[in-house]
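Thanks for coming. I will take one model this morning and go through its contacts and helix packing.

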2 protein chains.
Amino acid sequence: MDTDPGKIGAQHLPLRDQVLDALRKGIISGDYPPGERLTEDRLAEDFGVSRNPVREALRVAEAEGFVVILPRRGAVVASPSSATIDDIFAVRERLEPLAARLAAERAAPGDVTTLRALVERARLATEQQDLRRVAELNSALHLQILEISGNPWLASIAKALYLHVQWVFRMTAKERAPHSADEHVKLVDAIEAGDGDLAEMVALSHLGAASVAAHENTESRLP
Amino acid sequence: MDTDPGKIGAQHLPLRDQVLDALRKGIISGDYPPGERLTEDRLAEDFGVSRNPVREALRVAEAEGFVVILPRRGAVVASPSSATIDDIFAVRERLEPLAARLAAERAAPGDVTTLRALVERARLATEQQDLRRVAELNSALHLQILEISGNPWLASIAKALYLHVQWVFRMTAKERAPHSADEHVKLVDAIEAGDGDLAEMVALSHLGAASVAAHENTESRLP
DNA sequence: TGATTGTTCTTCGTATACAGTTCCGTCAGG
DNA sequence: CCTGACGGAACTGTATACGAAGAACAATCA
């Protein structure tokens with residue numbers, strides 16, 4: 001049907017996965033705003049695929065909390081409220097410090113190098129006022145720490161939560177304020193030193209600051 | 001096609017959800033042992049539905065970690081290792097104490113009544129040596145506390161983890177040893193008293209004991 | 001005006017077809 | 001007897017079509 005390499009059907013990844021990626025991206029970026037109706041036909045057309053892969057992607061997106069499926073009514077983009085934000089941060093404050101601790105206890109030298117590189121690139125981007133890039137690099141740093149923790153459950157859960165927070169940030173602020181690079185440096189230092197206790201503490205206070213910032217950004221703008 | 005109320009097609013729940021439930025149950029109960037190939041046709045026949053609902057259920061089951069989908073090869077039941085168990089407990093030890101704290105802080109009197117009833121029924125079942133029932137009621141208690149926490153993210157994540165632990169228990173021990181009813185009483189007491197700190201502490205030590213028990217059961221029997 | 005009835009849209013499930021892979025058994029050759 | 005190529009079977013991945021049922025909305029009628 002559509003072998004046009006311009007769309008998303010060109011590689012050897014299952015279409016449903018590509019659709020899921022594109023859907024997530026579309027939701028997080030705001031292309032599909034909260035409350036938007038997502039009919040299967042419409043998505044199938046948007047992505048240039050048939051309805052089947054779309055349906056499968058929608059089920060997973062529902063499980064991940066990005067869409068809500070109303071029986072016989074179809075899917076709509078979820079509408080995160082500030083209560084959701086509190087809920088998410090409550091969980092992140094438990095998980096990410098654990099990830100930091102595990103990362104500190106398990107990091108190989110190569111891992112630390114990767115982290116250092118990310119921090120350095122973020123510093124450069126900050127100097128150049130490239131806020132978008134800073135946000136990207138900070139995300140990469142957090143996700144990398146989750147990977148290094150070596151606990152796939154922890155990593156995948158925390159990643160999903162992190163994506164949701166980013167989503168809300170995008171909705172409320174044009175671009176996330178680049179949060180303190182100092183804290184990131186401290187965190188990587190603690191990981192390099194292999195000091196689990198310290199890493200956990202730093203991560204917790206970092207999360208605390210992020211939580212406050214999220215609240216300030218979202219409090220007055222969400223339902 | 002199949003409106004036979006004997007199978008699973010009778011209510012007004014989407015078939016895919018019923019299939020997902022049945023699939024999860026089949027995996028946890030050991031009807032579909034780890035490593036078992038789950039071809040779409042076979043599942044469709046087992047449940048008396050067509051391939052589509054099966055596929056959608058499989059995608060969610062994959063996201064939940066119950067099956068692994070190999071590209072172009074199909075789905076197989078996941079094979080939890082003892083490393084997985086460690087990983088899961090590491091996360092549970094962070095989340096369930098939080099749930100206990102929140103439950104203590106937010107429980108309505110009706111909630112406490114429900115919990116008390118569950119504990120009491122578990123006590124009766126223990127007296128009657130009905131271990132299967134004890135296990136069921138203990139599960140219900142834990143899941144109820146998660147609900148009471150009022151944090152849907154926390155609840156759904158912890159629930160998935162809890163189901164996995166049960167799964168492994170079923171694989172290794174015929175029936176889970178009914179873990180200390182005393183601890184459950186203490187936990188409910190703390191929730192009733194609204195003492196978040198205490199509830200969190202009790203939950204943590206409860207988890208610790210469960211973790212040790214899990215290790216004893218699984219250590220020598222899993223890959 | 002207010003209730004009822006159609007109409008339409010959309011999901012949900014089924015059935016079917018087909019291409020591309022992967023697997024597996026067979027058979028020829030060493 | 002072992003090895004390796006070949007060919008068919010099995011299965012996924014994808015597309016498409018169709019019928020049924022539910023929900024929303026507009027039109028009709030009392």
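Start at DNA strand D, which has 18 residues around it, the nearest being A:Leu15, A:Ser50, B:Thr39, B:Glu40 and B:Gly74. Near here means that the C-beta atom of the residue, placed from the backbone, lies within 6 Å of the strand. Elements giving two or more residues to this surface are helix H1 (15–29) and helix H3 (51–63) of chain A, plus helix H2 (40–47) of chain B. H3(A) supplies the largest share, three residues. Helices are DSSP runs of H or I with at least four residues, numbered from the N terminus. By class, the surface near DNA strand D comes out at six nonpolar, four polar and eight charged residues. For the classes, Ala, Val, Leu, Ile, Met, Phe, Trp, Tyr, Cys and Pro are nonpolar, Asp, Glu, Lys and Arg are charged, and the others, including Gly, are polar.

A word on provenance and numbering. This is a predicted model, with local features needing pLDDT of at least 70, side-chain atom pairs counting only at pLDDT 80 or more, and totals for chains, interfaces and linings using all residues. Residues run from 1 along each chain as its sequence is written, while chains are lettered from A and ligands numbered from 1 in the order in which they are written.

Next, the two protein copies. How is chain B laid on chain A? A turn of 180° and a shift of 0.1 Å along the axis do it, with an RMSD of 0.2 Å. That is the relation of a two-fold axis. The superposition is least squares on C-alpha atoms of residues with pLDDT of at least 70 in both copies. Both copies use the same surface, since 100% of the contact residues of chain B recur in chain A. Contact means C-beta atoms, placed from the backbone, within 7 Å.

Chain B and chain A each put 20 residues into the contact. On the side of chain B that touches chain A, helix H3 (51–63), helix H4 (82–106) and helix H7 (152–172) of chain B each give two or more residues. H4(B) gives the most, seven residues. That side divides into 13 nonpolar, one polar and six charged residues.

Now packing inside chain B. Two packed helices are described by the angle between their axes and the distance between the axes. Axes are lines fitted to C-alpha atoms, for helices over the stretch in contact, with angles from 0 to 180 degrees between N-to-C directions.

Helix H6 (residues 131–148) of chain B packs on H7(B) at about 165°, axes 9 Å apart. H6(B) and H7(B) are therefore roughly antiparallel, a label for angles over 145 degrees; under 35 is roughly parallel, 65 to 115 roughly perpendicular, and the rest oblique. Residues in this contact include B:Leu143 and B:Leu146 of H6(B) and B:Ala158 and B:Tyr162 of H7(B). The classes are six nonpolar, three polar and two charged.

H7(B) also packs with helix H1 (residues 15–29) of chain B, at about 40° and 8 Å between axes. That makes H1(B) oblique to H7(B). B:Ile27, B:Ile28 and B:Ser29 of H1(B) meet B:Leu163, B:Gln166, B:Trp167 and B:Arg170 of H7(B).

Last, H4(B) packs with helix H8 (residues 181–193) of chain B at about 45°, axes 6 Å apart. H4(B) and H8(B) are therefore oblique to each other. B:Ala100, B:Ala103 and B:Ala104 of H4(B) meet B:Leu187, B:Ala190 and B:Ile191 of H8(B). That contact has six nonpolar residues, no polar and no charged.

Methods:
Contact = placed C-beta atoms within 7 Å.
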